[in-house]
Amino acid sequence: MFNTTKVITGGKKIKLQGSLPGERVAKGELLSIPVVADDGKHRKNIVLTKKIGAGGEGSVFETNVGDASDYVAKIYLREKLTDIKCAKLELMIAKGIECKGVCFPVALIKNENDETVGFLMPRAKGYELGKSVFLPKLLQVRFPKWTRKDTIQLCLTILHKIKYLNDRGIILGDINGQNILVVSPTEVYFVDCDSYQIGSYPCPAGTAHFTPPEAQGRSYETFLRTQAMENFAIATLLFMIMLPGKSPYSAVGGADPAENIRQGSFPYESDDNSKVPPGKWGFIWSHMSFNTRKAFVGTFRRGGDYFEPEKRMNADGWIEVFEKYWYGIDHMLDNDPMAMDLFPTRLKMRECKKCGKRYIPKPDRHVSLCDECYGYSTEGRREFHEKWLKEVWKSYPCKNPMCHNNVTLYNRDQSRYLNKRLPEYCQTCWQESHEEERRELAREKWLGEVWKSYPCKNPKCHNTITLYNRDQIRYQSRRLPEYCQECWQDEPCKKCGYVAAKWMHDERDGLCRRCYEEEQREKRLMQQSAANQSSASKAGRRSTFSPTSSRNQGRAAAPGINHRSAPVRPAAKWSDSQTPARQKVRQTRRKTRDNVVNTQQGSGGFSQCRDAIIVCFSLLFMLYLIASCIGSVN
């Protein structure tokens, strides 16, 4: 696919010892600078007389060679002079190319130190192809008398020059509308010829529109173009001349032309022609000869007869196609008066297969029948019926008072509303109402989505608290709930039946606050009673040894409802006679206090009975201890 010959590129810059002719001369300035023209066989002293142009690589000067300055000199800029470029120029001059209109280097230009500074070439004239033929409006201004026959002749003129160069091993490479100047259909000029590919020296420039699929995206300086790549550029140039300025891969709704080139997506002559650029382009395409259209389709469409690189038509093949087009244009004019027009305003006329008359086809009709024959055919009746279905059946104003549209029904809707009521609202109002419903459904769906999810604070509950988007406003300035919904359900107390939230009872083993506190108090009393009994038994054992210890034991073992166990202290002598009375007063106070507490806490009858029994046993125990103490004293 690619030329495997080693590429010669780059090179070292040449440092001139002498001067660079016309280095600081302004455009249009007259001058007289002597230089030497050397073609390898002869040397001749010539004079640069006027600067006529400048570009990115150098400047162009008129010379005194030939009549009316038939030859011009291109002098390179200092930074563009390299040894590789000079060697390439020597090889090109040695080829001895002599083709009218091809501005090929014919001699080297040297300064007073015999250093190469440029080359001598034939002078070009005319309009750039890209600024005349490729622009439809400028084409009609600069060549107002041109017809389709002139563009065919222009293609043949260009093809013959390209064939001349290709036959001598020269690849143009950078074929585009800026490197070809047009004077007339038979007079064209090729410029910028020093960039042509010759031998192992590549063409360093290129344009994406003229680059084949296999070379897209590559740097032009890194490879040598093949003849197949040149053939693709030739076909693209011919297409853009016949359809002035339109790239073959420019399509409606497609990718950019470079991507279409890679994919081989050619829009013309497709099944529905939906991607053909609108307007005049489809008309121009239809008026071209069949063989020309077939050659373009085979070259540009993937899978075509000439799409593969090795099968592409060269300049000889295209010359044959356009010569047939040239000789058949008169016959085409007899069949269609617009065959010669550069920009026809309709499709090419066809011959009816049934009656033989010429007719103007319709874009959406694929049967070669005139209107009269088409109306009697099955396809015609089908088309008429389809056309009738699209006609308006009824039209009346929308029921919405804020809407000014009409409800339009077509013939195709007759069967639909045969037994149904006609719609009262137009399509716009109907869609808006449905759109409102869709928005409401979307909002309801969003409100039902989870916003936050975390575990319940109740340690005995394993549920998760789930908040949804609908709760965001509710808890915007409030603290988030700590307990789940189940924990907030009412639940009665196990003991008294008091109703409260479940999580409150769970914290107190299923009891309400009062029952829980009562139970805790009972536990403390029982623990105190057990402690008192233990202290009393110890005091009884000590009373056999000391009367004082018996009194102390009786004092310490006296039952009290103070919920504290104080250390036993020896009773005072003056209080020995008052001990029973004091004990009785204390017991009465404690009993009264406990009754008040029980009444405040709302304890039941069972609790009061139980407390009374405990108090009785405590009094009996205290009397027993008092009696024991009195007996021991006596």
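Trainee: How many disulfides does the structure hold?

Mentor: A disulfide is a pair of cysteine sulfur atoms within 2.5 Å. The structure holds 0 of them. Take C352: the nearest cysteine sulfur belongs to C355 and is 3.6 Å away, and C352 is in no disulfide. This is a predicted model, where local features need pLDDT of at least 70, side-chain atom pairs count only at pLDDT 80 or more, and totals for chains, interfaces and linings use all residues. Residues are numbered from 1 along each chain as its sequence is written, and side-chain values use heavy atoms, without hydrogens and water.

Trainee: Is C352 buried or exposed?

Mentor: Buried means under 20% relative accessible area, exposed over 50%, and partly exposed in between (1.4 Å probe, protein chains only). C352 counts as buried because its relative accessibility is 3%. C629 is buried too, at 18%.

Trainee: In what order do the strands of the open sheet stand?

Mentor: Strands of a sheet pair through backbone hydrogen bonds, either parallel or antiparallel. Here 3 strands form an open sheet, ordered β7-β9-β10, with antiparallel pairing. Strands (E, at least two residues) and helices (H or I, at least four) are DSSP runs, numbered from the N terminus. Two strands pair if DSSP finds at least two bridges between them.

Trainee: Which strands stand at the edges?

Mentor: β7 (127-128) and β10 (187-190) do; each has a single partner strand, so one side of each lacks a neighbour in the sheet. β7 is joined to β9 (residues 180-184) by 2 bridges. E128 has L181 in β9 as its bridge partner.

Trainee: Which helix packs on the sheet?

Mentor: Helix α3 (residues 148-167) does, touching β9 and β10. Contact means heavy atoms within 4.5 Å. The direction of α3 makes about 40° with that of β10. Axes are lines fitted to C-alpha atoms, for helices over the stretch in contact, and angles run from 0 to 180 degrees between N-to-C directions.

Trainee: How much space lies in the largest pocket?

Mentor: Rolling a probe the size of a water molecule over the atoms shows where empty space is left. On a 1 Å grid over the protein atoms alone, a pocket is an open set of points with protein on both sides within 12 Å along at least five of seven lines; lining residues have an atom within 4 Å of a point. The largest pocket holds about 1300 Å³. Its lining has 46 residues, with E57, K74, D192, D194 and S195 nearest the centre. Helix α1 gives the most to this lining, with 4 residues.

Note on methods:
1 Å grid on protein atoms, 1.4 Å probe; cavity = no way out; pocket = protein on both sides within 12 Å on 5 of 7 lines; lining within 4 Å. Points joined across faces, edges and corners; volume = space filled by probe spheres on them.
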